[in-house]
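The points below may be read alongside the sequence and the model.

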Amino acid sequence: MKIKWLVVLFLLVASILGACSKDTTKNGNTKVRVAEVTRSLFYAPEYVAISEGIFKKHGLDVELTTTFGGDKTMTAVLSGGTDIGLVGPETTIYVYSQGANDPVKSFAQLTQTDGTFLVARNQTGPFSWDQLKGKTFLGQRKGGMPQMVGEYVLSKHGINPHKDLNLIQNIDFANIANAYASGTGEYVQLFEPTASIMEKEGKGKIVASFGLESGKVPYTAFIAKESFLKKNAKTAQKFTDAIYEAQQWVDSHSAEEIAKSVAPFFKDTPLDISIKVIDRYKSQNSYATNPILDEDEWNNLQTIMKNAGELPKF
């Protein structure tokens, strides 16, 4: 099944340009409210677009909030609490399958691999995936991209996550790291910089990358309601252009330069950790270099969703 109709590509699409948003700031820029699913160095281009003045250059003043969870981000978009959400695009498929009158569409990809890492509590010697069998695995929310990719990777290595593991999925996204730090689970799936901070504090060891294991997938994208995209097409175009410029900036600058640029968004993260994390993401090509969601990536997304039993039937 091809879900091409879920993808809205604004780059070089002039025919759909409509009215701008009526909300402007004192400097004449258009105000855009953005809700991100979590705060992570995985989203470095988004922060670069703010810190390097790229959004402002394109006539936008972005108001960024963190919602801590894909369901909460989608709720904010559907309720009008935010204009644009940054979340896994699988959420748009779920909403469409429920027959929404005003469907939510992915219009600009930010990352193109999974951004989580497998952290082991008591790892000694070389790591192999079969070491997880019979252990307690602290996973992510059922139906979300992190958990689905996690299950996909585990199945590739001959592990049935629902039979071979003691799989825990009922912990709120924002509390997963704290639960692991307090002693729950022998393995946990974490985003950065949390994973590297855990490692630095001696609470675990990063033993594998789900991004490297799963291949390219439109993991995180900017989404908005169809009505917003039609009414504010010029604003959406400017936003997409700014993200593209920020992606190119990240691609052409060093991990240290990027870390310094986004430091205001990670005041509690040591610079050396940020540099290490960003370098890791750059080396595995996690940051998309343009916002276009291509067909191969969508097909991989659907394969991952189908493997997890979460792909809706239309």
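1. The buried residues of helix H13 (residues 295–307) are Glu297, Trp298, Asn300, Leu301, Gln302, Ile304 and Met305. Buried here means under 20% relative accessible area, exposed means over 50%, and partly exposed lies in between (1.4 Å probe, protein chains only). Helices (H or I, at least four residues) and strands (E, at least two) are DSSP runs, numbered from the N terminus. The buried residues of H13 pack against helix H4 (90–97), strand E4 (104–111), helix H5 (145–156) and helix H8 (210–214); contact means heavy atoms within 4.5 Å.

2. This is a predicted model, in which local features need pLDDT of at least 70 and side-chain atom pairs count only at pLDDT 80 or more, while totals for chains, interfaces and linings use all residues. Residues are numbered from 1 along each chain as its sequence is written, and side-chain values use heavy atoms, with hydrogens and water left out.

3. H5 is largely enclosed by the rest of the structure, because 10 of its 12 residues are buried. Among them are Met145, Met148, Glu151 and Tyr152. The buried residues of H5 pack against H4, strand E5 (116–120), strand E7 (166–168), strand E8, H8 and H13. Gly158 follows H5 and has a positive phi, near 75°.

4. The largest nonpolar core has 90 residues, of which Ile84, Leu118, Trp129, Leu132, Phe222 and Phe239 touch the most other members. Helix H10 (residues 233–252) gives the most to this core, with 7 residues. A nonpolar core is a set of buried Ala, Val, Leu, Ile, Met, Phe, Trp, Tyr and Cys residues joined through side-chain atoms within 4.5 Å. Not counting residues up to four places away in sequence, the contacts of Ile84 include Val32, Phe107, Phe222 and Phe239.

5. Which residues of H10 are buried? They are Ala233, Thr235, Ala236, Gln237, Phe239, Thr240, Ala242, Ile243, Ala246, Gln247, Trp249 and Val250. With a relative accessible area of 1%, Val250 is buried. Val250 and Pro45 are 205 residues apart along the chain, yet their C-alpha atoms are separated by 6.2 Å. Leaving out residues up to four places away in sequence, Val250 touches Pro45, Val48, Ile258, Lys282 and Tyr287.

6. Ile278 belongs to helix H12 (residues 271–283) and counts as buried because its relative accessibility is 0%. Beyond its neighbours within four places in sequence, Ile278 is in contact with Leu41, Ala255, Ile258, Ala259, Val262 and Tyr287. In the loop between H12 and H13 lies Asn285, a residue other than glycine with a positive phi, near 55°. Asn285 counts as partly exposed at 46% relative accessibility.

7. The largest pocket has a volume of about 500 Å³. Of its 21 lining residues, Thr38, Arg39, Phe68, Pro193 and Thr194 are the closest to its centre. On a 1 Å grid over the protein atoms alone, a pocket is an open set of points where a 1.4 Å probe fits, with protein on both sides within 12 Å along at least five of seven lines; lining residues have an atom within 4 Å of a point. Grid points are joined across faces, edges and corners, and a volume is the space filled by probe spheres set on the points. The largest share of the lining, 3 residues, comes from E8.

8. Most residues other than glycine have a negative phi, and most peptide bonds are trans. A cis peptide bond, with omega about 10°, joins Glu192 and Pro193, and Pro193 is in the loop between E8 and H7. Phe68, a residue other than glycine, has a positive phi near 60° and is found in the loop between strand E2 (60–66) and helix H3 (70–79). Phe68 is partly exposed, with a relative accessible area of 38%.
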